[in-house]
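Subject: Structure handover

Hello,

Here is the structure I said I would pass on. Please look it over first; my notes on what was found in it follow below.

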Amino acid sequence: LSAGVAAAMGLARPSLASFDDVLPGLPGWAFLLLLVGLIPLLSPLYWGEEFGWTGYLRLRLLTGRPVLSSVVTGLIWGAWHYPLAFLGYVEYANVAVGLLIWTVSFQFQEILLGWLRQRSGSIWPPSLAHAGNNMVLFLLVGVLLGKEGERFGGSATDLVVMGPLVLASLLVVLFGRGRRSAPDAVPTSGEVAETVRIG
């Protein structure tokens, strides 16, 4: 979907050939398979962040109001990431505008991650999604956009990815009511231990 948004914005012509030069000697399709195969291995790196934001904070903020709780958690989560914009992790021509767009994208990400947590009853699916988002989706869209991405001052990747995030979040808010665990129930210490133990 993000590739389609990039094409619609005139920023890229989606093609596997775009990824041929990322790793010398490796065709674009093989690079994509390698990257997707790494997601499960990278998921433990994001477990701590997801346990803190989606598995703990979101469940305790505005209990009974999952969408609003996700928005507030996303705001806090976004602000927590702001130092990365000054350490070279992300680069924006206009830092204020870039951080605003980045913060808005966190809101939609948190809605999806919260839904995954509720549907699965585990913090591992959001950790897997977080790894896929950071280490695959944003990397692939960045490569796909190449120099064209500079037209938006470094925010092009965020904008291209945000379209599908908004659509998926709206679908979750409108139709994602069926949940495995109780909506916004704060887990007991035994449930937390069980979630950590079995993932």
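Helices here are DSSP runs of H or I with at least four residues, numbered from the N terminus. By that numbering, T157 is found in helix α6, and I will come back to this residue. Please keep in mind that the model is predicted.

Overall make-up

The chain has seven helices and zero strands, so its pattern along the sequence reads α-α-α-α-α-α-α. The chain has 199 residues, and 41% of them are buried. Among contacts between residues at least 6 apart in sequence, 73% join residues at least 24 apart.

The largest pocket

Rolling a probe the size of a water molecule over the atoms shows where empty space is left. In this model the largest pocket holds about 740 Å³ of space. Its lining has 29 residues, and Y89, V90, F138, T157 and D158 are the closest to the centre of the pocket. Two or more lining residues come from each of α2 (28-60), α3 (66-81), α4 (95-120), α5 (124-145) and α6 (156-175). The largest share, nine residues, belongs to α5. By type, the lining of the largest pocket divides into 14 nonpolar, eleven polar and four charged residues.

The second largest pocket

The second largest pocket has a volume of about 340 Å³. It is lined by 17 residues, and those nearest its centre are L112, A129, N133, L137 and L165. The elements α1 (2-8), α4, α5 and α6 each supply at least two residues of this lining. Here too α5 gives the most, with six residues. The lining of the second largest pocket divides into eleven nonpolar and six polar residues, with no charged ones.

Where α5 meets α6

Two packed helices are described by the angle between their axes and the distance between the axes. For α5 and α6, the axes come within 9 Å and cross at roughly 115°. This crossing is right-handed. On the α5 side the contact involves L137, F138, V141, G142 and L145, and on the α6 side A156, T157, D158, V160 and V161. These residues divide into seven nonpolar, two polar and one charged.

Back to T157: is this residue buried or exposed? T157 counts as buried because its relative accessibility is 17%, and the cut-off for buried is under 20%. Leaving aside neighbours within four places in sequence, T157 is in contact with F138, V141, G142 and L145. T157 and F138 are also among the residues closest to the centre of the largest pocket.

Two loop residues

G10 is found in the loop between α1 and α2. At 45% relative accessibility, G10 counts as partly exposed. G10 and L145 are 135 residues apart in sequence, and their C-alpha atoms are 9.8 Å apart in space. L145 is one of the α5 residues that meet α6.

L62 is found in the loop between α2 and α3. Its phi is near 50°, a positive value in a residue other than glycine. L62 is partly exposed, with a relative accessible area of 37%.

Regards

Technical notes. Residues numbered from 1 in each chain as written. Predicted model: local features only at pLDDT ≥ 70, side-chain atom pairs only at ≥ 80, totals over all residues. Heavy atoms only, no water. 1 Å grid on protein atoms, 1.4 Å probe; cavity = no way out; pocket = protein on both sides within 12 Å on 5 of 7 lines; lining within 4 Å. Points joined across faces, edges and corners; volume = space filled by probe spheres on them. Nonpolar A, V, L, I, M, F, W, Y, C, P; charged D, E, K, R; others polar. Buried < 20%, exposed > 50% of the residue type's maximum accessible area, 1.4 Å probe, protein only. Contact = heavy atoms within 4.5 Å. Axes fitted to C-alpha atoms, helices over the stretch in contact; angles between N-to-C directions. Left-handed = near helix turned anticlockwise from the far one by under 90°.
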